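The sequence and structure come first.

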Amino acid sequence: MCAHILVAEDDEMQAKLIGRLLLQEGHTTVVVHDGRAAIDEAKSGRPDLVVLDLMLPRVDGFGVCRVLRQDGDVPVLMLTARSTEDDVLLGLELGADDYMTKPYSPRELMARIRTVLRRSMRPMENSPLPRAGCITVDPVRHLVTCDDTPVTCTPGEFAILHAMAAEPDRVFSRRQLLQYTRGHDRASTERAIDVHIMNLRKKIEPDPRRPVRLLTVFGVGYKLVDGRHDA
């Protein structure tokens, strides 16, 4: 799996290390050291993944992520020394697909990058289309439609809908959904699933405050109904 990866990291030594690790895995890499350059390069270079440091000059990582999400759904892996839950959740609310705190293991970083890239790869052309009521997930075109209208999703949101649409009315726990969105079973980040669900409801529900499609099963998790219960 070879990808074109943009690394936005203001620490030159860290940037060189990440670039070298990516090259060893067969990826092409562009390295920038500030947020404005990251935005410009993402628009012109169309990377397959952005490794994004949070504490960038000119435009910080949160600001970069906002712009990237306005322009498309390129996967984003955030790197930062800030590890509070509020920072993690804000990054996920803005559409980051994963979040690593410094210092980190180079092996874990590469494993996380492989996981995010696998989630964003297109499956075989003849894969069936998961469908739940008015919601259809096309994994080949990486497209979600709701009432025949395209819905823009982050890779993490897409992974949740893909899994849930494949098994309508099945109740998924937060822990189970983490396996699809992050590839890591870590209870400390289960609240991140709530953020993804909240964002998805804004996109697929007639009234996000009164969901009829993506429902909460209290004490258990969430389910995507088959559509027969839509209001």
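This is a predicted model: local features need pLDDT of at least 70, side-chain atom pairs count only at pLDDT 80 or more; totals for chains, interfaces and linings use all residues.

## Hairpin of S8 and S9

Asp-147 adopts a positive phi near 55° in the hairpin formed by S8 and S9, where 2 residues lie between the strands. Strand S9 covers residues 149-151 and runs antiparallel to S8, with 3 bridges joining the two. Val-144 has Val-151 in S9 as its bridge partner.

S8, residues 143-146, also pairs with strand S7, residues 135-138; this pairing is antiparallel and has 4 bridges. Here Ile-135 is opposite Cys-146 of S8. Strands of a sheet pair through backbone hydrogen bonds, in either the parallel or the antiparallel sense.

## Cysteines

How many disulfides does a search of the whole structure find? The count is 0. Cys-134 is in no disulfide, and its nearest cysteine sulfur, in Cys-146, is 3.9 Å away. A disulfide requires two cysteine sulfur atoms within 2.5 Å.

For Cys-153 the closest cysteine sulfur is also that of Cys-146, but the separation is 9.7 Å, which is too far for a bond. Cys-153 has a relative accessible area of 5% and is therefore buried, the cut-off being under 20%.

## Sheet of S10, S12 and S11

A further group of 3 strands makes an open sheet with antiparallel pairing, in the order S10-S12-S11. Its edge strands are S10 (172-173) and S11 (214-217), each of which pairs on one side only.

S11 is joined to strand S12, residues 221-224, by 4 bridges in the antiparallel sense. Within this part of the sheet, Val-217 is opposite Gly-221 of S12. In a regular strand, side chains alternate between the two faces of the sheet.

## Helix H6 and Glu-157

Helix H6 lies across S10, S11 and S12, and it runs at about 65° to S12. The helix spans residues 155-166 and contains Glu-157.

Is Glu-157 buried or exposed? Its relative accessibility is 3%, so Glu-157 counts as buried. Which side chain makes a polar contact with the side chain of Glu-157? The partner is the side chain of Lys-203, at 2.6 Å. Leaving aside residues up to four places away in sequence, Glu-157 touches Thr-152, His-196, Asn-199, Leu-200 and Lys-203.

Methods
Residues are numbered from 1 along each chain as its sequence is written. Side-chain values use heavy atoms; hydrogens and water are left out. Buried means under 20% relative accessible area, exposed over 50%, partly exposed in between (1.4 Å probe, protein chains only). A polar contact is a pair of N or O atoms within 3.5 Å; within protein, one must be able to donate a hydrogen and the other to accept it, and residues adjacent in sequence count only if both atoms are side-chain atoms. Contact means heavy atoms within 4.5 Å. Two strands pair if DSSP finds at least two bridges between them. Axes are lines fitted to C-alpha atoms, for helices over the stretch in contact, and angles run from 0 to 180 degrees between N-to-C directions.
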